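Me: I have a structure open and would like to go through it with you. Can you walk me through the strands and the core?

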Amino acid sequence: MEAKRSRRVLIASIGLDGHELGALIVSSALRNAGMEVVYLGLNQTPEQVVEAAIQEDVDIIGISSMSGIHLAALSDLLEYLKKRGTQGIIVIAGGIIPLDDIATLEKLGVRKVFPEGTHTSQIIEFIKKEIPL
Amino acid sequence: MRHDRSNSPDKREKGFITRSGITLKTIYGLEDTQDIEYSNEIGNPGQFPYTRGIYPGMYRAVPWMKRQPMGFSSSELTAERYKELFKKGGQVGYKGEPATTLLFDMPTNYGYDSDNPKARYQVGTVGLPVDHIEDMIAFMRGFPMDKGFTNMVIHGSPAILLAIFIAAAEELGYSPAILKGSGKNDPFQSYLAERIKLLPIEAELKLGMDVLEYCIDNMPAWNPISVSGFSYHPSGLNSIQELGLALATAIAYIEAGMQRGLEFNRFAPRISFFLSGGIDFLEEVAKFRAARKLWARIMKDRFKASNPKSMLFRVYCLTLTTDYTAQQPFINIIRGTIQGLAAVLGGVQALGIPCYDEAIGIPTESAQTISIRTQQIMEEESGVGKTVDPLGGSWCIESLTKEIERQVYDYIGNIENMGDDGTVLKGVIAGIKGGQIIKDINEGAIKRQRDIESGETTVVGLNKYTEEEYVSPPVFRTDPEVARMKIKDLQEFKSKRNLREVEGALERLRDTVKREQNVMPALIEAAKKRVTLEEAMNVFRDIFGEGD
């Protein structure tokens, strides 16, 4: 298999929620930084996200959570990832996530949480470090 | 603690601009307003064009309503929270009667029942779950429908939710004629801001007009369309664009109503507005003044309104949550105060101040209390309401008012030009279908983020004066057990009802839709026969197709 020439990131939001803002902003920033972004969009299930991630052969899954469902949704996502044997894909999350929950999410297997107010350059730097080319 | 200097070049070289991009002069003076003719362009409060206020006495006669948006977990818990807030003097209408703004959970907004697999994670998390009439009855048992004012912020299914509301009130013995309040009923906003597109836009508009027609005939104290500009702002527009789009969509709804054959003077007075209140103090005061003037002029010039009541811009302001930060959250209390004060000086009819923990989750009761106290101090200590439009006559404020009016007219004109028949209605629909309006909104959001990241826009605590460690306020969590109970109760409810009556009601609803009749009577009957929200929505989905 030939080496990937750019980093591939899937961005999605789980569950019923129309707050697309953060996901759009991050997608735009990652594209401007030369990454390939698969924008899956709103109202996805954890299973849909994982299947799309496998199909699109992404390095990173980025989940936007804007209505407080992060613990349940990401826990299900990571469990399904494990079930599919695709733990090589790194999961990151962002949105309206209280500080208190970050440690819990990281323990569940989320590699990094980028809460409200994150500078998009932090996400870019993180991804570049995690996925060296 | 570190002081960060933001990276932007010295602002003195770039000029001083408002959040919406108006350049402010060093000083305003007489020469800036001497061409403004007072009686034509400003007028006294209560006189056309209502720039100074829609009523002569404003807060001297009637205070503004104080309504905090609320809703979570279940009807019982929401009613309980409402009662607590009312005890604190919050959630009150013009005469101190109970008033509330209800938010619904995502499944309800998306037209799904709590037990639908798609509702996973979201039952009761950001609003009240309403699956059927008994959920609404449970809330109403805690809220006096005969005295109170209910504002319902519902996205994808306003006709169904209003029908459930009416059915519940009737079952409790209240006539729809006495119900006071307002419902969002703004499908253009659902498409553009909430991104909830359950049915094709034409179908949603048709149902919206059904609601309008029904309310004209049966609910004189209800505001059947609350044009909701608010969410355009967090989505990416600035205050002036938000006002422009709100007014454009309002014009479109009026045109739709008239095309439908509804009598203008009967429904125009019942249209109300829901706008954001931003942090740029001077601009916000001017914005609300410009809004009144714009609406009065639009109604008079475009629609030849003769009834003065048709020209009054009645607005509920919710201060702008995207001005808040998750960092150092207690400082959001200051932001809410500045935003709220601008809205009061701007002359709004109702005000809500989102809580300081809004950037972290839905509010705790103590955070709600602070927002309530903020309004009480504004009203009873600051004295700003003791005279009407105190900033009127300020050379700066009058100049800004005039400039905002000019920009909003341009904005509406652009929307009108998106259509091909000279109506704003066609323009809005074309702008939605062609993607232009959403594109502008999204680009606004991206630019706003860029300006914050570059330091061009200062946000205290976020890109300047940051703290290494910051305090996490108490986080409100909905109890997942309550969501589980809701689903269990729903399944029991569905199995206990008379399925023949349910089927019969659904059949009648289907028939009504196919005959293109007003759906409200059939929806109300369906609610009484224990049809669920999703079952009713599925009739619409089947016949109209899905949205987008």
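Me: How are residues and chains labelled, and where does the model come from?

Reply: Residues are numbered from 1 along each chain as its sequence is written, chains are lettered from A, and ligands are numbered from 1 in the order in which they are written. The model is predicted: local features need pLDDT of at least 70, side-chain atom pairs count only at pLDDT 80 or more, and totals for chains, interfaces and linings use all residues.

Me: Back to the strands. In which sense do β3(B) and β4(B) pair, and over how many bridges?

Reply: β3(B) and β4(B), residues 149–153, pair in the parallel sense over five bridges.

Me: What holds paired strands together in general?

Reply: Strands of a sheet pair through backbone hydrogen bonds, either parallel or antiparallel.

Me: Which strands make up the sheet around β3(B)?

Reply: The order is β2-β3-β4-β5-β6 in chain B, an open sheet of five strands with parallel pairing. β2 and β6 (222–223) of chain B are at the edges with a single partner strand each, so one side of each has no neighbour in the sheet.

Me: How many bridges join the other pairs?

Reply: β2(B), residues 69–70, and β3(B) have two bridges, and B:P69 has B:T101 as its bridge partner in β3(B). Four bridges join β4(B) to β5(B), residues 180–183, where B:T150 has B:G181 as its partner.

Me: What makes up the β-α-β unit between β4(B) and β5(B), and what is its hand?

Reply: β4(B), helix α7 (residues 158–171) of chain B and β5(B) make a right-handed unit. Right-handed means that, with the strands pointing away from the viewer, the path from the first strand over the helix to the second runs clockwise.

Me: Is β3(B) buried or exposed?

Reply: Buried: five of the five residues of β3(B), residues 99–103, are buried, so the strand is largely enclosed by the rest of the structure. A residue is buried if 20 or more other C-beta atoms lie within 10 Å of its own, exposed if 12 or fewer, and partly exposed in between, with C-beta atoms placed from the backbone.

Me: Which residues of β3(B) are on each side?

Reply: B:A99, B:T101 and B:L103 are on one side and B:T100 and B:L102 on the other, and all are buried.

Me: What about β4(B)?

Reply: Five of its five residues are buried. B:F149, B:N151 and B:V153 point one way, and B:T150 and B:M152 point the other way.

Me: Now the core. How many residues are in the largest nonpolar core?

Reply: The largest nonpolar core has 188 residues, and those with the most contacts inside it are B:A163, B:I164, B:L247 and B:L523. Helix α11 (residues 239–259) of chain B gives the most to this core, with twelve residues. A nonpolar core is a set of buried Ala, Val, Leu, Ile, Met, Phe, Trp, Tyr and Cys residues joined through C-beta atoms within 7 Å.

Me: What is B:A163 in contact with?

Reply: Leaving aside neighbours within four places in sequence, B:A163 is in contact with B:M520, B:L523, B:I524 and B:A527. Contact means that the two C-beta atoms, placed from the backbone, lie within 7 Å.

Me: Where is B:R530, and is it buried or exposed?

Reply: B:R530 is in the loop between α21 (520–528) and α22 (533–544) of chain B. B:R530 counts as buried, with 20 C-beta neighbours inside 10 Å.

Conventions. Pairing = 2+ DSSP bridges.
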